[in-house]
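Here's a quick briefing to read alongside the model. Have the viewer open, and we'll go through it topic by topic.

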Amino acid sequence: MNDRKTENRIAFREGMRDGIPIALGYFAVSFTLGIAARNAGLNPFQGFLTSILCNASAGEYAGFTVIAADAPYIEMVIVILVANARYLLMSSALSQRISPETKPIHRFIISFDIVDEIFGIAIARPGYLNPFYYYGAMFLAMPCWSVGTALGVLAGNILPMRVVSALSVALYGMFLAIIIPPSKKDKVVACLVVISFISSYIFTKLPYVRDISGGTRTIILTVIIAGLASVLFPVKEVQNEA
Amino acid sequence: MKHNIYIYILIMAAVSYVIRSLPLTLIRKEIKNRFLKSFLYYVPYVTLAVMTFPAIMDATQSPLAGLIALILGIVLAWFNASLFQVSVACCVVVFICEFFI
């Protein structure tokens, strides 16, 4: 029992460590999100509330545009569904990484913060995921995200653009640290990364297709590319260590 | 403003949570289907790659700074730098680059 506790404590600490770049990036991104919230007519508390409850960048941006337009509630439902649909995929992928021994309650708590970044670091862990690793990252990421939003509403453009600009690449640096090392070991993954870069770029430039929102583009390309790869190069063994 | 902001926020929160929790709480067993298994194995890499490029070039004030950060990030990650090191290096290089660009 004590071993389990120590293990959880270590996992929590590792989650916090890996959560630092996420929290930094979140702070910068949520600050700009707060500016969007202010433009939509939200006060700092409402901005904070939205962020602590929703934990979604694209989804919240989309939601704020609905609020700004004073659109019907049903429109909010559809917009959030579309903007966050990629989380369906991430949630399914995560479901395969949780030990059958893990209590169900953990699945409900983790669900609260399935976001691109924490999903990324969680999936990069070998073997089954210890929920406490996830909580460690949430522990830093969620306050930064929500307080950053509130500050964005409050202070608007107080942070110099240069700093925002620099902080905002922290997230992408992290993504690279997740996708590149497995690309060294698995050539299929390496090819998929390159193909994903290229097609994502093409999608943002091509007429008609470029009007598709970022969230939807992610879903379409993920389903097509990962789908084709699964048909052409099915994984042989249980590859729990990514 | 005809609609209540708090109801809007509540809808956002509820829909976001339902999307996230359904697969994670309903799929309890290990998926045996080979296609689905492979699909879920590839999904994270494709998703993260799609989200990284070209978005990294739009995140910075100068797209070139973003591109330099991308290349530096790939090189450092290739040589096994940690998650934290790669992120911080990307931030620093953008900060420095934007003094010159």
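Which charged end sits over the ring of Phe99(B)? That's Arg162(A), at 4.3 Å from the ring's centre; a charge sits over a ring if NZ of Lys or CZ of Arg is within 6 Å of the ring centre and within 35 degrees of the ring normal. Keep in mind that this is a predicted model, where local features need pLDDT of at least 70, side-chain atom pairs count only at pLDDT 80 or more, and totals for chains, interfaces and linings use all residues. Residues are numbered from 1 along each chain as its sequence is written, chains are lettered from A and ligands numbered from 1 in the order in which they are written, and side-chain values use heavy atoms, with hydrogens and water left out.

**Confidence**
- The complex gets an ipTM of 0.86 and a pTM of 0.75 from the predictor.
- Chain B has an average pLDDT (the predictor's confidence in each residue, from 0 to 100) of 90, and 99% of its residues score at least 70.
- Within chain B, helix H4 (residues 63-78) comes out highest with a mean of 96, while helix H2 (residues 34-52) is lowest at 87; helices here are DSSP runs (H or I, at least four residues), numbered from the N terminus.

**Charges and rings**
- Lys184(A) has its charged end over the ring of Trp78(B), 5.7 Å from the centre.

**Aromatic pairs**
- Over all chains there are 13 aromatic pairs; rings of Phe, Tyr and Trp (its six-membered ring) pair if their centres lie within 6.5 Å, with planes under 30 degrees apart counted as stacked, over 60 as edge-to-face and the rest as tilted.
- One of them is tilted: Phe12(A) with Phe139(A), 5.7 Å centre to centre and 55° between the planes.
- That pair ties together distant parts of the chain, 127 residues apart: Phe12(A) belongs to helix H1 (residues 2-39) of chain A and Phe139(A) to helix H8 (residues 131-155) of chain A.
- Phe12(A) counts as partly exposed because its relative accessibility is 25% (buried means under 20% relative accessible area, exposed over 50%, partly exposed in between, with a 1.4 Å probe and protein chains only).
- Tyr172(A) and Phe175(A) pair edge-to-face, at 6.0 Å centre to centre and 80° between the planes.
- Those two are three residues apart in helix H10 (residues 170-185) of chain A, so about one helical turn separates Tyr172(A) from Phe175(A).
- Tyr172(A) and Phe175(A) are both buried.
- Phe197(A), Tyr201(A) and Phe53(B) are joined into a cluster by ring pairs.
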